[in-house]
Each structure stands twice: as C-alpha cells, then as structure tokens.
Amino acid sequence: MFTPRGLGNPPAVRRDHERDQCRSARVAPGSDRFPPRLFDAVLLDRDGTLIEDVPYNGDPEKVRPVPGARESLDRLRAAGLRLAVVTNQSGLARGLFTHDELRRVNARVEELLGPFDAWQVCPHGERDGCACRKPAPGLVHAAARALGTRPTRCVMVGDIGADMTAAAAAGATGIMVPTPATRMAEVAAAPTVADDLPAAVARILDRIGLVAAPAATPRRRTVLVARSDAAGDVLVTGPGIRAVAAGADRVVLLCGPRGRAAAELLPGVDEIVEWPLPWIDGHPAPVEPDDMRRLTARLAGVGADEAVVFTSFHQSPLPLALLLRMAGVRRISAISDDYPGTLLDVRHRVPVGVPEPERALSLAAAAGFALAAGDEPGLRLRADRLPAAPDGPGERGYVVLHPGSSVETRACPPELATRIVRVLSAAGYRVVVTGGPDERELTARVAAAGGTDLGGRTGLGELAAVVARAGALVVGNTGPAHLAAALGVPVVSLFAPTVPFGQWGPYRVPAVRLGDAGAACRDTRATRCPVPGHPCMSAVEPGRVLEALRLLGVPADGPAALVAAPAGGPAVTATGGVAR
C-alpha cells in the first residue's frame, strides 16, 4: 500500500501491509490486546459530515465546519476515543486538484476541528475498480489498522449510503447524519440515523455508557438468567449472559423449547431449565394454574441468589418476575417500561433503537455484571459443543443460502432463492442450501438450480458447523444470521424491514444489507407479508447478491479473503491531514 507521511510525498509500496489492513479478519475473541469496550475509535466522512460539502474543493479558504463539529469531536477525544477521517477524493483522479492542494485543505480542517489520529483517503475515480473507494470497506479496514484496533470496535459517521455500506461491510457500526442531498432510500436503509453531528456523538457516548462495566461488586453464587423465545433471540442475549457468568459461580438459563438448541451453544451457561412461557411465545398455550405452580416450584429449586430477566424490546418481564418473587428470589433485574411495583429491584430503561445484544449487555451492567477481561461484546458460541458438519458441503469457502424462516415475512422468496443459486453457481461459487426438516421441499427446489441440498440434515449445532466453514451466509432476518455473526462469518442480509435493522441486523460482523428498506411493511412487526408478492424481497436482483459477496471479499474459489489490489492503485493514507 502507498503509505506517504503526508499527501504528496513519494510513496513506498507495501503489499503485505495492504493485505493486513484490508483483510476481513476473523479475530478470535478473548484477546487481551482489546479490553472489553464497545467502541474505541470513531471514523468520520469529511465532506458533508465534518465540513460543508464544496464539490472537488482544493481551496482551504472554502472549508466551513458543520455546526457543533469542534465541540462534538472534543467530546469524543475527552472520552478517550481515537478519531480518523475516511474520505473519497476522486477529484485527484479527475485532475481537479493536486495532492498538495488536498493536503492544505485537510490541514485547514485540522486547524478548525483539532487533530485527527489518522487520515485515509481514496484518490480514485468511480470507474477505477479500487478496493478503497466507499462503499468498498478498504478505507475502514485501513483506518482501524492505523488506529491500532479492528473495525468491529469502530463507529463510522457519514452522510450517504456509501458510508453506511462501507462500515457494515467491514463489520463496523454505522451512524448516518443526512443532509438535504441524502437520498431517502439511503436514510431508510441506515442502521442508525441522527439529526446532526452532535446528536450522532451523543448516541455513540450513550451506547458506550449503557454497557460500561460497573464498579466492582461481590461475586454471586447462583444467578438465574431468563431468555425465552426463538434461537436467534437466545443467541443475541449471549453477551449479557456471559457478563453474568463472569460474576457468578453458577448460571442457570431459563429458556423456551424453541431456544433450547441455541442455549446449549452459549458460553457461560451451566444448567438449562426449559419451560414455555405463554406471555412470550408467539403461538402460546393457555395459562394453566397447575403449570404455573410447577414452574414456580422449579424456579425455587434452582436456589438462585438473584435473577436477571432478559427480554426483547416489545416483551414484558413482569409476569416472570412475579413467579420469581413467589419462588423466593430476593433480587430481580429487568428492563421494564411498565411500572413494576416491588417486582423488580433493578428497573432498567434502554433507548429505542439499541441493538439487541447491547440491550442485553446493558441490563447485565445495570445488575452489576461486566464481561470478563479480554472478552468482546459480540456474539459467541462454545466451539466444544459444535458437532461435525454433515457430508456434502466439501472444502471450506462455499456460500450458504438459508432461504427459509419460521416467520414468513423474514424468509427469502423461493423464486428469488432459486435465481440466486443459479447466478452464484454460474459465477463459480459453490452454494450449499440449508433448511429445517419441514423445509426439505423448499431446499430441494432451490438447490436444483445448482447448489448442494442439506435441507433437513442440520439441527442448529450442525448448521453452525456448516456455517463456520463458509465464506459467507445469504439469509433473511432469522436465527442463522445471528449464528453467522457468532462465528465471524460475513452475511448478505436479505432483511425485510418489518423490524429495525439497527436492532436486529447481524451484529459486529461484516455484512451487506439488501432489500427495500422503505417498503410499506416497515416497522409493522408483521409475521405475514401485508403486501402481495413480498415486494421488499422479491425485487432484489440476484446480481446484487453477487456484488455483495465481492464487496465482502468472498471469492468464488475459497473462503473470505482479500480482494486483489485494483488496477487503479491502492489508497493514499496518511497519519494526518498535514505532513508530520
């Protein structure tokens, strides 16, 4: 990679460094190099985000910071966050300004807004085919490397969809600050939207504060944690459960039948109590007094010193809290917007839009539990619990397509799934189609277009083993997406907008979102498509999936890897906007 000290200085070529910077690395969790913190760096687009957008500006006198920019950046610096600018500057390729003029403009930005820890600049044009120009993730990878961190611990703040796509494809968090020039479709697809830069900074600091480690608290003996609902819901609660486990001698997890298989794979769980909860299940049985008495007795038998009740954002913890009180549990913590009376000792509140894993982790922090030193706040599985993958997929690096879902609106339409397999196979990808025992007809139909059919041959553990060996997973908003996130496998997310992407999208893993984010079903939480033809998904062109795989760096003949250095040359990088 070209690594000049300042823009315009003679470059030195370092191809090995470029591979390290741009690789979509799957770093094993638990490294002491990265203490358990949600974010440690903020990456910012320049034009339209930090300063007013003057097209192809080579004049430092035209630099005008957006309102509140200096104060906002100083808040981030005071919080110990490192800052980098990541910016496309195709004016260099077009000959509209020189390297020296760009250096002087960036120097003026630093004069007005304070120093940045790194600058990453793409000098290429749209048709150069480089790996650094946003929406490609190359600049995000390079910035994280320059800041001594990794993309999953970075937040990218920008004003257009390309900024959000680059962040997600690298595994970073994206926050959009729209301008009048931002397209509405880009705003709809953004994981988080803030009104202005000060509001974006406030969101970042609030999210860090929500999951911040509590002051040292006494170690507990036995803690009961509860998370009912489906497998994906249990998986996204994993960081919160691990935090509880780090401060307790024994953790007992209460879950429902649909979440049992996921519970078996979670680190930190010593014992599982399986019991359906009729106020949680989507298709609940009647509330039977005798059943509730048996559940209360079973909870009492756990002998828990306290309980932490995890729920989704639309669920109430209070019915279970009542049973826990009747079972003699002395201390109960939960998130509750409803008045709990004496049912809760810790009543936690969480702002709307926080990702579900962070929501769970924030409750654990409020209850006095923190992740162990070296643990990461992402999703994880117990590797020792994964069975062998079934025969059929072949060597590592294939693409898994999981077309089905227990919720109709979150599934990939069969016609689209079939076309995706056909297009990916024609492009040289090996495609493995997965599904449950009741989806064998679906997977056989889809795989007939050129894939390997594993329909009905994988329980959750076997599916995890298959996904772990994949280059990427193509899936709707359903449990396997969270399975991939826990395994560090990139996701092409065919995400129906019935629930917010920022809350339920693949967490802290490279991903590309496809689908109509502004469809009529947006935020309805509908389980059956309210619009004939499932247009938010059916309008996706299979070629977009192919583009997404290439953006994620997943080649047709092997596992996720570096996209080759483009003909247009690597990105221009610098330690700052001025020569040091």
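Trainee: Start with Phe495 and Phe501: buried or exposed?
Mentor: Phe495 and Phe501 are both buried. Keep in mind that this is a predicted model.

Trainee: How many aromatic pairs are there?
Mentor: The count is 2 aromatic pairs. In one of them, the ring centres of Phe116 and Trp119 are 5.7 Å apart and the planes meet at 80°, so that pair is edge-to-face, the cut-off being over 60 degrees. Phe495 and Phe501 also form an edge-to-face pair, with 4.9 Å between centres and 90° between planes.

Trainee: And Phe116 with Trp119, buried or exposed?
Mentor: Phe116 is buried, and Trp119 is buried as well.

Trainee: What lies over the face of Phe116?
Mentor: Arg77 does, 5.6 Å from the ring centre. Elsewhere, Arg220 has its charged end over the ring of Phe369, at 4.1 Å from the centre of that ring.

Trainee: Switching to the whole chain. How many helices and strands?
Mentor: The protein chain has 21 helices and 18 strands.

Trainee: What share of the residues is buried?
Mentor: 58% of the 580 residues in the protein chain count as buried.

Trainee: What about contacts between residues 24 or more positions apart?
Mentor: Among contacts in the protein chain with a separation of 6 or more, 69% are between residues 24 or more positions apart.

Terms used: Residues are numbered from 1 along each chain as its sequence is written. This is a predicted model: local features need pLDDT of at least 70, side-chain atom pairs count only at pLDDT 80 or more; totals for chains, interfaces and linings use all residues. Side-chain values use heavy atoms; hydrogens and water are left out. Rings of Phe, Tyr and Trp (its six-membered ring) pair if their centres lie within 6.5 Å; planes under 30 degrees apart count as stacked, over 60 as edge-to-face and the rest as tilted. Buried means under 20% relative accessible area, exposed over 50%, partly exposed in between (1.4 Å probe, protein chains only). A charge sits over a ring if NZ of Lys or CZ of Arg is within 6 Å of the ring centre and within 35 degrees of the ring normal. Helices (H or I, at least four residues) and strands (E, at least two) are DSSP runs, numbered from the N terminus. Contact means heavy atoms within 4.5 Å.
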